[in-house]
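User: Hi! Could you walk me through this one? I'd like to start with the charged pairs.
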Amino acid sequence: MTHWLIMPVVLPALLAPFMILAARYHMGIQRVLSVAGVLALIAIALGLAVQTSDGTVMLYQLGDWAAPFGIVLVGDRLSTMMVLLMAVLALFVLLYAIGSRWDARGPHFHVLFQFQLMGIAGAFLTGDLFNLFVFFEVLLIASYGLMIHAGGNTRLRAGVQYVLFNLLGSTLFLFALGALYAETGTLNMADLAQRVQLISADATVGIRVAAVLLILVFAIKAAIVPLHFWLPSSYAEAPPPVAALFAVMTKVGAYAIIRVYTLIFPVDLAVTSGLHGTWLLPFALLSLAVGAIGVLAAKKLDRMVAFAVISSMGMVMVAVGMFTTESIASALYYMVHSTFAAAALFLIVDLVRQSRGHLNLITDAPVKGAALIAALFMVAAIGITGLPPLSGFVGKLMVLNAAFDDGLAVWVWSIVLISSLISVVGFARAGSVLFWKAQSDGAPVPEAGRAMPSPLSFVAVGGLLGLLMMLTVFAGPMYTYTTATAEQLVTPDTYMSTVLDTPGKLSDAKEGGH
Amino acid sequence: MEILVASAIGILTAAGIYLVLRLRTFPVILGISLLTYAVNVFIFGSGRLSIGAPPILSDATTYTDPLPQALVLTAIVISFGMTAVVVMIALGAYLGTNDDHIDDAPGRGEDTV
């Protein structure tokens with residue numbers, strides 16, 4: 001059994017304590033170690049993705065104990081794709097944090113960053129629901145530390161709200177896990193998929209409650225309306241490199257919904273009919289609309305970008321909520337696009353704040369470096385609102401195409417198009433107030449609180465936008481890849497047989513460890 | 001016995017939710033603690049209640065399900081760490097602003113949206 005599958009979890013987990021023990025006061029050494037660690041993570045994730053690209057499901061049994069009693073890590077196309085997405089995003093965010101010197105504004109940025117990567121990688125790779133809870137907690141506690149990095153009263157207050165809201169979410173997760181265990185007697189995902197089908201039709205109350213509680217937990221992480229209230233304040237007050245990394249944390253929620261609700265509770269399962277299959281799509285459409293209205297209503301740039309994140313997560317969940325192979329494939333493409341676009345926008349918000357001193361959407365005098373920042377803002381805005389020629393438009397086309405056969409097709413098309421229009425108006429207004437109108441206002445420029453951002457910051461943002469352009473150019477191969485991923489998700493027989501039939505130690509004494 | 005355990009979970013959850021909806025940070029943290037107590041008893045109860053049955057192999061005739069007890073141990077440790085973190089952050093926010101309110105109403109914190 002290859003050990004490469006656990007490396008995305010073990011590598012940051014070893015690197016972080018090494019950094020704090022050996023290089024605690026040496027920012028330069030921490031930076032080098034952190035970047036080297038993320039580069040190694042990208043290489044490992046690429047290797048895993050290549051190995052699973054022919055449809056094999058990689059399995060790692062912790063301690064060699066067979067599922068369902070042992071914890072397993074499962075690498076299929078979806079898990080490895082998400083780990084690769086996280087690693088590539090982490091590289092550019094790290095370069096920005098180093099270039100803008102955000103990492104030096106508080107202690108332990110790089111250590112917390114590595115622990116965060118460990119938690120996210122573990123959440124993507126695990127094949128057991130309680131292990132998913134544990135990795136959610138690892139990534140959440142690292143995010144609490146990163147959220148209050150660099151301090152300040154507003155940030156601490158927003159941090160308290162963020163932590164308390166997520167503690168409630170974790171408690172709800174435990175209630176859901178307890179209910180699931182009481183109904184089925186297992187928490188391994190593949191085993192749950194088998195046992196849920198054995199529940200008799202006259203005793204479905206418990207499992208239905210458990211399924212709804214579980215999707216509520218993941219909806220909190222994915223910021224689906226009406227569970228989105230934590231996101232604008234937290235993402236706006238977090239340090240911008242941290243907010244850019246948080247762009248992949250909402251995708252953890254979306255990943256969990258896709259994984260659990262195609263494997264354990266697929267749409268055609270009789271015991272959970274009428275639940276998430278009917279309710280996820282309307283609430284996702286509502287998220288899309290609320291996010292777009294928030295973009296138009298925002299008075300500050302950081303809040304505007306936070307609502308744009310809610311809107312793009314709504315779009316991802318609209319595609320997921322239709323639960324067909326095509327729609328899940330388009331959801332995966334849009335997830336990749338939305339991660340890079342949202343991260344780029346949060347970093348651009350910081351560029352604007354550095355050069356301008358404040359983020360209010362009011363006219364102000366022209367600043368140094370505004371031309372380059374304006375160009376980056378325009379490209380990122382085109383990306384996130386879904387205008388041609390970038391990947392947002394291609395992704396939106398895929399989602400609309402997949403919506404043709406759905407019962408709510410008219411609603412999907414109209415709400416997607418109208419909210420895109422509203423987002424475009426909101427971003428265009430922000431761009432013109434921040435960058436164009438500045439030229440017509442002749443007031444003198446006060447120098448305090450304004451600085452030209454460093455070249456490495458621009459390189460990092462440019463890299464993310466370059467990835468968006470590559471996502472557009474290679475949309476065809478990418479869509480083929482995500483379609484194959486979605487097909488593997490809707491036919492989980494390989495997944496289940498690999499997890500449940502692989503013997504571990506002591507398995508030759510009984511069959512399969514049951 | 002089931003009535004005792006079930007009502008304990010219910011009362012703890014109700015009290016926890018009531019406290020979580022309060023205005024100041026300190027009752028909210030207490031409410032979160034009560035909710036974690038409730039959920040830990042809930043997970044423990046999901047392994048079915050029994051009397052006198054050990055979870056570890058010994059010379060007994062019946063055993064109780066050990067897995068929920070392991071889950072509860074993990075959950076207790078995680079929530080105890082999280083509570084410590086949230087108390088520290090809340091204390092930092094309170095000492096910095098001299099204000100224990102949990103929401104940012106207009107005039108008290110940054111203007112929203």
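Analyst: Happy to. A salt bridge here is a side-chain nitrogen of Lys or Arg within 4 Å of a carboxyl oxygen of Asp or Glu. This is a predicted model, where local features need pLDDT of at least 70 and side-chain atom pairs count only at pLDDT 80 or more, while totals for chains, interfaces and linings use all residues. Side-chain values use heavy atoms, without hydrogens and water, residues are numbered from 1 along each chain as its sequence is written, and chains are lettered from A and ligands numbered from 1 in the order in which they are written.

User: Great. How many salt bridges are there over all chains?
Analyst: The search finds seven. In one of them, R259(A) meets D76(A) at 2.8 Å, N to O.

User: Where do R259(A) and D76(A) sit?
Analyst: R259(A) is in helix 11 (residues 249-263) of chain A and D76(A) is in the loop between strand 2 and helix 3 (77-99) of chain A, 183 residues apart. Helices (H or I, at least four residues) and strands (E, at least two) are DSSP runs, numbered from the N terminus.

User: And are R259(A) and D76(A) buried or exposed?
Analyst: Both are buried, meaning under 20% relative accessible area; exposed is over 50% and partly exposed is in between (1.4 Å probe, protein chains only).

User: What about D99(B) and R157(A)?
Analyst: Their side chains form a salt bridge at 3.4 Å, N to O. D99(B) lies in the segment after helix 3 of chain B and R157(A) in helix 6 of chain A, so this pair joins two chains. D99(B) and R157(A) are buried as well.

User: Which residues are linked in a network of salt bridges?
Analyst: D302(A), D350(A) and R353(A) are. D350(A) and R353(A) pair at 3.4 Å, N to O, and both lie in helix 14 (residues 325-356) of chain A, three residues apart, about one turn of the helix. D350(A) counts as buried because its relative accessibility is 1%, whereas R353(A), at 25%, counts as partly exposed.

User: Switching topic: how do strands 1 and 2 of chain A run?
Analyst: Strand 1 (residues 58-61) and strand 2 run antiparallel, joined by four bridges; strands pair if DSSP finds at least two bridges between them. M58(A) stands opposite G75(A) in strand 2 of chain A.

User: And which residues of strand 2 are on each side?
Analyst: In strand 2 (residues 72-75) of chain A, V72(A) and V74(A) are on one side and L73(A) and G75(A) on the other, all buried, and both faces are covered.
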